[in-house]
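The structure is shown first, and the notes follow by topic.

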Amino acid sequence: MKAARRRRELAIHAILIGILILTFLPLAFVLNSSFRTNSEMNHSFFGVPKAAVQAAEITGQKLQGKSRFEVANSSEKGAGVESLDFGDAIRKVGSQLVQGYAYAWEVLRPYTLNTIFVCLATVFGVVLVGSVSAYVFSQCRFPGKGTLFMAVLAFMMIPGVLTLVPSFLWVKQLGLLNSHWVLILPYIAGGQVFAIFLFKSFFDGLPRELFESARMDGAGHLTLYRNLVLPLSKPVIAVVAIVNILGTWNNFLWPFITNSDAKYHVVSSGLYLMGQSTVAANRATMFAAYVLASIPLLILFLYATKPFMAGVTSGAFKA
Amino acid sequence: MAMYAMLTPTFLLLAVFSLVPFVWAIATSFFDYEVGAEAKFIGLSNYAEYFTDPTLLSSFGNLAFLTAFGLATVMTAPLIIAKLIFSLRSERARYLYRVLFLIPIVVPGVAGLMIWQGMIYGDSGFLNELLRLFGRDDLTRGWLSDPQTVLWAIVFIGFPFAGGINILIYYAGLANISDSVHEAAELDGARGIRKFLSVDVPLVMSQIKLLTILTVIGTVQGFEGMFILTKGGPGFNTMVPGLWMYMNAFSFQRMGYACAIGVILFLLILGLTILNMKYFRSSEDLRAEAA
Amino acid sequence: MFRHSFLAIILILGAWALWPRGDVEAGAGPTSISNGKPRKYTIRFAPGIYMPGRRPMDLGQPIQGLAKVAAEFEKLYPDTRIEFTEAPVGQREYLVTQLAAEQAPEILNVNVEDVWQDVQKGWYIALDDYLNRPNPFIEKGKPGSKAWWDQFKYQAISRGKAAPDAKMYCLTYDMVETGIFYNKDIFRRLGLTIPKEWPEFMAMQDKIKRAGLIPLIVDKSAIADWGMDLIFDQMYNSILPGIDLVQDPIREAYMEGYLDWDEISFLNSKGFFTRNDPRFVETFRILKSWRPYWEKNMDADGTKLFVTQQGAMWWNGSWAVNRLIRDPDVHFDWGVFYLPAIPKSANRFADGHDQVVIGGSGTQFEVTNSAIDDTHDARTSIKLQRTIAFLQFMCVPERVDAVVNEILAFLPNVVGAEPKPELRIFHEFLQRKYTTTKWLYTFDLRFNEIFRRMLDLYLEGGISEGEFMDWMEKNVRTASDTVVRRKGLDLSKFEPKWRSLAPLRASMSDLPTAAEAVD
C-alpha cells in the first residue's frame, strides 16, 4: 500500500515537472537569446551565446598561464582584433554579451518611474472605489441594486477597440492628454469593474453573523467597512492589486496614443515603440527588453505570492 | 441615500470614461465617418453591409473555433494540473508547484506570442528543426502561413496551457471540498477518474463558470493575438471580427463601419454571458438541487 | 529578516538605477537630445532609420549623424530645440489619433502614399512654396541657392511624389531601389551568368533548383509590391499610349505615362483589370509560374537563407548591402543585377522594354499640423519657419553625406552628396524609367489588404485562379467605388480623352471585350 502510494506520488511529480519544463522552455529560450546577436541566431537558432563561450575560453587560457588575449572589437566583419590583458578582455567580452540589455535599458529606464507611479495610483484607486461599491452591493439593500450591479458588469463586455478612438477624442476634449491622469482615471474606471465583482463575491462569502452582530453594536457603514471589512479583505486586495498591476503594466496602446510627450511614456509603450521601430530588427535587444520589463513584476511577486495565493484561494473567483 | 452616495465614484468614473465613448461609438455606427472628416448619416447601412462582408463567414467560423478550443483547454489542463498538485501529500511541494506555475504571468502577453511565433513555428523554429532532425524536410512548413495548419498552430500557442492564475483558481475550488465528501465518495466505491468526474468536477463548477465567461469575453473581444501572429492570414483563414473591426477603423478609415462591427460584438458577448449565467449551473446550484 | 534586508537592497538598487539623470550626454539619450535651457520652440522629429543613438539592423556603432546636425542647428537658433523621437508610423491608429489631436511629431518619416489618404484633412503642410524658394543655407551659385527644389538629384522621382492634389507634402531625403543580390560563388560553381532576358532568367532558376538550392529568396510582401508592378508594367507597356488618359502637368514630365488611381477607376469601368482583361490575367499567371523558384516557406528569414548560402539569389532593397558587408559570416562574393525584360518572343503581350524601377524615394519627411500649433496659420507660424529651416539646414550636402552615408542602406538625394561605392550600382538602376503604376500602397488601403492576402493564398495554392480572379475583380471594383466616393470624383470627365484615343486603340489587340465594344 505504502509503496504504491509512493510510486503514485513520484509519477505525479514527474508529470508536473514535465509540464513545468514545457512551460518554462520558451522563457529560457528568451533569456538565452537575449545574449546572442542576430547573426549568431541566423547561423544556429539554438545555441549558447558566443560571447559567453569566449569568456569561458579566455578564463580557461588564463588558467593555463596565458596573459594576453585576442578579442574582436565587435562581432562585425572587418572589426579589428585587439590584444588585451585578462581584465580588459573579460570586460570587453562581457559588454558584448549584455549589449542588448544596454540598449533596452537605455530606452526603458526613463519610463520605469512613470510606470510605477501610474500602477500604484491605479491600484490605490481601484481598491478603494471597488471595495466600497462592492461593500454596498453585498451588504446593503436598496431598490435597483441588482440592475445596477449588472449594469456595472456589462461594462466588461464592451470591446476595447470599439471605444479606443472615441475615448481618445473625448479625453482630448477633457484636456487630459499628456498627463498621468489620462492613464490613471480610465484605468480606475475600467479596472474597478472586475474588482467590484471579486470583492463582492468575497464579501458575500463572509459570515452574515459577523455583520449582524457588529450592526447590533451600533456600528455605521463606515466603521463596518474600516474595522471589519478591510482587515478581513487583505488577501482579496492582494489579488485585485496584482491583477490590476499586470493589466496596467502590459497595456501599451492607450498610453502610447494619449501621451505623445516622452515625459509620460510608460514601459509597455516603450516596448511597443521598440517593437515597431528599426530596433525591432535587433532581436537580442527586444528579448532583453522583455526580460527587463518582467523584473519589477517578478520582484513584486516574490513578496506578494503569499497573500495573492490566499486571496485566490479565498473563493472570490467563482460565478 | 448613503448607499447611492457611496456608489457615486464608481458610476461617475464609468459614465465619464466608459459610457460616453460607448454611446459615441454606437451613434457613430449609423454614420459614414472617418476621423478628421465630415460624418454622413446612413442609418443601418453599416450593419446591412456587414452581413455581406467578404470576411463575415470565415471570421465568425474562426471565432467559434477559437472559443470552443479556448473553453476546452481552460476547462481541462489547469483543472487536471490543479488536481495533480492537490493530490500531493507534502504541503511544501504543493506550495512550491503553485508558485512555479504562477511565475509565467509576469511575462508580457505580446512577448509570449512572439516567442511562439519565432521559436516554435518559425522556419528554423523548434517544430521544423525537429522534423529536419528526423530527415522529414518534406513536412517542414510555415506553420502560421500554411492554410492547412494555421488555425491549429494558433490554438496550440501556450501549450501545455499551464502558466498563470487558472490553476490557482481551480485549486481554490478543490481545497474547499471537505474531506468528508471525499470519504463519502470512496465509501460509495468511486475511485480515480470516476471519482474526479463525479465528485471534484461538480464542486469546481463555480470556477468553471467564471472562467467560461471570462474566456468567452476575452476571445470575442480579442484580436491582438491574430494581429501579431498572422494579421488574419493567409487569405482570411484566421480573420476574426475584432481584427476586421480594427482594420476598418484604422487602416481603411471606416470608423462608422468599424463601430457597427463593434456593437454587434458587444451584443454577442452580452447574449452569450446572459445564456451562460442562466443555463450554466454553478456548484451552489448543484448543491441546492441535490438537497 | 532575510526577506526584509533583501527588499531593502532591491529598493536601494532600484532607486539608484532609476534616479533621474540630468547629465545625459548629447547624442546618447534614447529619445531626446537637447541642451538643457528652456527653448520656445520644440520640433519633434521622427527620423526613422536615422534615429540617433540606434544601431540600425543591429550592426555598427550607434549612429550620430542627425544628432550632430541638430546640435549645430540649435546653436544657430537658440529659441529652438530639436527632439528626436521614434514613432510607429506603420500603425494607423497612432497616426490617425496623433494627427487628429495635432500632437504628432512635427516632422514625420512616412511613405508619402500613406499621407495622401489624409491630405484633404489639413493634417500635413504642403511644402511647394518653400521648395520653390532658395534654401538660405546654400552658398550663392550652388544648386539650391535659387530654388530649394534644385538641390535634389533624382528630380523625376522626387517630384513624382506629389500628392493627387498636385501639392508636395514630402521631402525625399534619400533613394532606395531593389535589385537581385546574387552569390557569385554559387554562380561560378553552376556556370551561371547574369541573365539578359526573362526566359534565360527562368531557365537559370530551374538549374539552381535542380542543384538543390533555393533559386530566388524573396519576401512575400515584395511579390505583391515589386513583383506585381514589374510584371504589370511588362504586360501593359505596349498599350499604354491608348489608355493613359491624364497628362498631369506637374508629374507627367517625370513619370511618363503613370496610371494613377483615378485612371485605374475609369479603366476599370471600361473592363480593364477584370477577368476579361487578358493582360491582367496573364500578369498573375506569370507570377504563379515563377512561384516554384522561391523558398518553400515564405515566412523564412530571407537574410538567413542568403547569408548561409542556402539560396543563390535574393531580391531585396539596397539596405541589404549594409547587412552583407558587415555580417561576419558572409564568406562568399556577391553582386547585384536588375531583373531582365520579358521579350516579345516569350510573351505575346510583352514588348521587350527594359524592366522599370519601383523603389525610388527612400526616407520621406513630412511636416505635420503640429508645426503650426503656435498660430494655427502656416503664413504666420514661427514654429513652421523653424521646422522648414531645419529641413533646409539638413539638406546642405555635407550634412546629407554625414547622415545618409553613415549607414550603407540608401543613396543621398542631394546634389553634391555622393553615394557610397558599394551602393553605386543602385544609382545605375535608378536611371531606368519609373513604373506604370504602384498597385500596393498608393490606392485604397482595403484594396491593399485584400489584394496582398489573396495573391499570397493563390500563389501558395490555397485558392484556384478562378477564385482569385473573383476576389480581384470585386476588390478592384470596390476600391474604384471608394475612390470615386471619397474624392467626389466624376469619371465622365475622362470620356472625351478616352474617345480621342480610340483610333490608337484600334491598332491594339487583346484589349478587354468591354473596351473594344465601346469603340
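**Contact of chain A with chain C**

In this predicted model, 32 residues of chain A are in contact with 38 residues of chain C. On the chain A side, the elements giving two or more residues are α2 (38-43), α5 (99-139), α7 (160-173), α12 (253-258), α13 (267-276) and α14 (283-316) of chain A.

- The element that gives the most to the side of chain A that touches chain C is α5(A), with five residues.
- Sorted by class, the side of chain A that touches chain C has 15 nonpolar, twelve polar and five charged residues.

**Contact of chain B with chain A**

- Chain B puts 70 residues in contact with 59 residues of chain A.
- Elements that each supply at least two residues to the side of chain B that touches chain A are α1 (2-28), α3 (56-86), α4 (91-102), α5 (109-120), α8 (166-175), α11 (205-221), α13 (241-251) and α14 (255-279) of chain B.
- With 15 residues, α1(B) gives the most to the side of chain B that touches chain A.
- The class division for the side of chain B that touches chain A is 52 nonpolar, 14 polar and four charged residues.

**A helix pair in chain C**

- Helix α9 (residues 220-236) and helix α13 (residues 278-290), both of chain C, pack with their axes 9 Å apart and at an angle of about 130 degrees.
- Because of that angle, α9(C) is oblique to α13(C).
- The crossing in which α9(C) passes α13(C) is right-handed.
- From α9(C), the residues that make the contact are C:Ile223, C:Gly227, C:Ile231, C:Phe232, C:Met235 and C:Tyr236.
- From α13(C), the contact is made by C:Arg279, C:Glu282, C:Thr283, C:Ile286 and C:Leu287.
- By class, the contact of α9(C) with α13(C) has seven nonpolar, two polar and two charged residues.

**A sheet in chain C**

- Three strands of chain C form an open sheet in the order β10-β5-β12, and their pairing is antiparallel.
- The edge strands, each pairing on one side only, are β10 (360-361) and β12 (411-412) of chain C.
- Strand β5 (residues 174-176) of chain C runs antiparallel to β12(C), and two bridges join these strands.
- Opposite C:Asp174 stands C:Pro412 in β12(C).

Conventions
Residues are numbered from 1 along each chain as its sequence is written. Chains are lettered from A and ligands numbered from 1 in the order in which they are written. This is a predicted model: local features need pLDDT of at least 70, side-chain atom pairs count only at pLDDT 80 or more; totals for chains, interfaces and linings use all residues. Two residues are in contact if their C-beta atoms, placed from the backbone, lie within 7 Å. Helices (H or I, at least four residues) and strands (E, at least two) are DSSP runs, numbered from the N terminus. Ala, Val, Leu, Ile, Met, Phe, Trp, Tyr, Cys and Pro count as nonpolar, Asp, Glu, Lys and Arg as charged, and the others, Gly among them, as polar. Axes are lines fitted to C-alpha atoms, for helices over the stretch in contact, and angles run from 0 to 180 degrees between N-to-C directions. Angles under 35 degrees count as roughly parallel, over 145 as roughly antiparallel, 65 to 115 as roughly perpendicular and the rest as oblique. A crossing is left-handed if the near helix is turned anticlockwise from the far one by less than a right angle, and right-handed if clockwise. Two strands pair if DSSP finds at least two bridges between them.
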